[in-house]
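Open the model in your viewer and keep the sequence panel beside it. This tour tells you what to select at each stop and what is there.

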Amino acid sequence: MRTNLEILAQQGVVSRSMAESVALRIKDLRKKAIQDSFQDFGHSGHRLEYVATVRGVDYMDDAKASNLNSTWYALESMKRPVIWIAGGQGNETDWASMKDLVSSKVRHLICVGADNRAIHDAYGELFPDMVETSSMMAAVQTAYLLANEGDVVLLSPACPSFDLFESYQDKGLQFKKAVCEL
């Protein structure tokens, strides 16, 4: 006497069914592996990373934004007035290309770096009270004094900053340290 499995196999049903069940099983395994990998995925930090809220002001670390495109994205995503900390070694950066966006999103501009002439040239008329600082601690303390409840202080330099920092990670860590010391 033949089993049902043997009969189904003879009719070609089992192989098709088995193939479908194996495919579904593989799909489930892949789906689970993808889900697990996202749960284990570590955030590299310094990319629109929330740091803290102090006196109703959010502090965001976007130190990885070392070009205008990255900073444009950060500013574009802000829904509240921004106190923008920018600068570094970016005199060849086309700062003026973001003038409309900056004028619509940014309330105050704080420069940190050794030479920010190009930023002053591009945005000086928008921000006659633009502040020049020479350390991250000074930039964060200035932002703290200028910010109103509901503002966002955004570190998004838009250019490399090897003049004061070893790397974007160093810049971001100094920003976080300064925020935590407020």
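**Start at a bridge**

Before you go on, two ground rules. This is a predicted model, where local features need pLDDT of at least 70, side-chain atom pairs count only at pLDDT 80 or more, and totals for chains, interfaces and linings use all residues. Residues are numbered from 1 along each chain as its sequence is written, and side-chain values use heavy atoms, with hydrogens and water left out.

Now select strand 3 (residues 82-86) and strand 6 (residues 152-155). They pair in the parallel sense over four bridges. Two strands pair if DSSP finds at least two bridges between them. Valine 82 has valine 152 in strand 6 as its bridge partner.

Show the side chains of strand 6. Val152 and Leu154 point one way, Val153 and Leu155 point the other way, and all are buried. Buried means under 20% relative accessible area, exposed means over 50%, and partly exposed is in between (1.4 Å probe, protein chains only).

**The whole sheet**

Colour by secondary structure. The protein has seven helices and six strands. Helices (H or I, at least four residues) and strands (E, at least two) are DSSP runs, numbered from the N terminus.

In what order do the six strands form the open sheet? The order is 1-2-6-3-4-5, and the pairing is mixed. Strand 1 (49-54) and strand 5 (131-133) stand at the edges with a single partner strand each, so one side of each has no neighbour in the sheet. From one strand to the next, the twist averages 20°.

**Helices on the sheet**

Select helix 3 (residues 68-77). Helix 3 lies across strand 3, strand 4 (106-112) and strand 6, and runs at about 165° to strand 3. Angles run from 0 to 180 degrees between N-to-C directions; axes are lines fitted to C-alpha atoms, for helices over the stretch in contact.

Then pick helix 7. Helix 7 packs on the sheet and touches strand 1, strand 2 (57-61), strand 3 and strand 6. Its direction makes about 160° with that of strand 2.

Show side chains here. Met136, Met137 and Val140 in helix 6 meet Lys171, Gln174, Phe175, Ala178 and Val179 in helix 7. Contact means heavy atoms within 4.5 Å.

**Two last residues**

Select histidine 46, in the loop between helix 2 (13-40) and strand 1. Is histidine 46 buried or exposed? Histidine 46 is buried, with a relative accessible area of 5%. Leaving aside neighbours within four places in sequence, histidine 46 is in contact with residues including Asp61, Lys64, Tyr168 and Lys176.

Finish at serine 104, in helix 4 (residues 99-105). Serine 104 counts as exposed, at 55% relative accessibility. Serine 104 and valine 82 are 22 residues apart in sequence and 9.6 Å apart in space, C-alpha to C-alpha.
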